[in-house]
Amino acid sequence: MSAELKCFAPPEDSSLLDRRGFKLQHRLLGHPALELSNLAQVLPTLPSSNVYYSRGDLKPSDNFDRAHIEHKNGLSLADTIEAIRTSDSYIMVRSPELHPSFQELFADLSGDVRSLLRARGQPDQLHGAKLYLFIASPNSLTPFHFDRYSTLLLQFQGRKRVFVFEPWDERVISAQHTEGFMAHSGQRPPWNDELEALGTGFDFAPGEALHIPFIAGHYVKNGAEDVSVSLSIIFNTEQTQQQIRALHFNHYWRRAAGKLGWKPSAVGKRPGLDALKAASWQSASRLARLFRPGA
């Protein structure tokens, strides 16, 4: 498999993909797209809806999805980039591959992810793959959250500590919160400091990459010595697409079944049952589209 990978050194155990967080090495240090001088030119050219920035002095319990609204840093984007070392700020960029300087990098990373899936014996089709770029002042914190996709995070500058929790661990995120988040209901998982003992802390330096499994809770503390620059590729697989459909099924079935005193079993425990739920949700969605007015 090593000959197939352009961006990563082969991981020790590809079977851990989407089961547990793990580190591996990447081969992209010095890539011109990730230099701060290039980023200063790229960010202003992207759609404003793709660039989010806020204060960096956040807490794990803050709402990650609303940080750019609730914790503004009082600066323009240009000033935030210019003063990133001292402004205590956090910048997140969705789909920097819209810029030509990132397009080849995106293609190479996507190819490597497909190789990792094949090494695990999975179909290598990717769904919704895109890049996210993160630039953060020293000591910035990314609040606790989880995502609707799998992630490979690559560090290019600065150091950080990333806390990753086991996926499907209901002590960390309840089944109801996972289902509600996947169904875009506005729910988000609560945080308390006692949860930290359930996670694994990864010290993360330039040249290293970290896999964050699908729906695994995580948060990030940046180091004090330098601006942090990191890039992630996010994606869904055939397996996680099926789990997403099962989570949607559970979200709506839980509300209906609760009136009868029934409680659906959580997704992520019984693959066969998850597949049945996913198929049921897919069929129901097709029927709903068929009978939608104007369809």
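Me: Where does Asp124 lie in this predicted model?

Reply: Happy to start there. In this predicted model, Asp124 is found in the loop between helix 4 (100-119) and strand 4 (127-136).

Me: Why is Asp124 called partly exposed?

Reply: Asp124 has a relative accessible area of 26%. Buried means under 20% and exposed means over 50%, so Asp124, at 26%, counts as partly exposed.

Me: Which residues is Asp124 in contact with, leaving aside its neighbours within four places in sequence?

Reply: Arg114, Leu117 and Arg118 are in contact with Asp124 on that basis. One of these, Arg118, also has a polar contact with Asp124, side chain to side chain.

Me: What makes the Asp124 and Arg118 pair a polar contact?

Reply: The side chains are joined at 2.6 Å.

Me: How far apart are Asp124 and Glu238, in sequence and in space?

Reply: They are 114 residues apart in sequence, while their C-alpha atoms are 8.1 Å apart in space.

Me: Let's turn to the open spaces. What is the volume of the largest pocket, and which residues lie nearest its centre?

Reply: The largest pocket holds about 820 Å³ of space. Its lining has 44 residues, with Phe64, Asp65, Met92, Asp147 and Tyr149 nearest the centre. Among the elements that give two or more residues to this lining are strand 2 (51-55), helix 2 (67-70) and strand 11 (228-236). Strand 4 gives the most, with seven residues.

Me: How do the residues lining the largest pocket divide by class?

Reply: There are 19 nonpolar, 18 polar and seven charged residues in that lining. Phe and Met count as nonpolar and Asp as charged.

Me: What about the second largest pocket: what is its volume, and which helix supplies the largest share of its lining?

Reply: Its volume is about 210 Å³. Helix 6 supplies the largest share of the lining, four residues, and both helix 6 (238-258) and helix 7 (271-290) supply at least two. Of the 14 lining residues, Trp168, Gln239, Gln243, Gly268 and Pro271 lie nearest the centre of this pocket. By class, the lining has three nonpolar, five polar and six charged residues.

Me: Which residues line the second largest cavity, and what is its volume?

Reply: The volume is about 60 Å³. Asn63, Phe64, Asp65, Phe144, His145, Phe146, Phe181, Arg188 and Pro189 form the lining, which splits into five nonpolar, two polar and two charged residues.

Me: Which residues does UniProt list for "domain: JmjC"?

Reply: The unreviewed UniProt entry lists residues 84-252. That span is 25% helix and 34% strand, and its end C-alpha atoms lie 44 Å apart.

Definitions and conventions
Residues numbered from 1 in each chain as written. Predicted model: local features only at pLDDT ≥ 70, side-chain atom pairs only at ≥ 80, totals over all residues. Heavy atoms only, no water. Buried < 20%, exposed > 50% of the residue type's maximum accessible area, 1.4 Å probe, protein only. Contact = heavy atoms within 4.5 Å. Polar contact = N/O pair within 3.5 Å; in protein donor to acceptor, adjacent residues only side chain to side chain. 1 Å grid on protein atoms, 1.4 Å probe; cavity = no way out; pocket = protein on both sides within 12 Å on 5 of 7 lines; lining within 4 Å. Points joined across faces, edges and corners; volume = space filled by probe spheres on them. UniProt positions renumbered as here; feature names shortened; annotations may be inferred.
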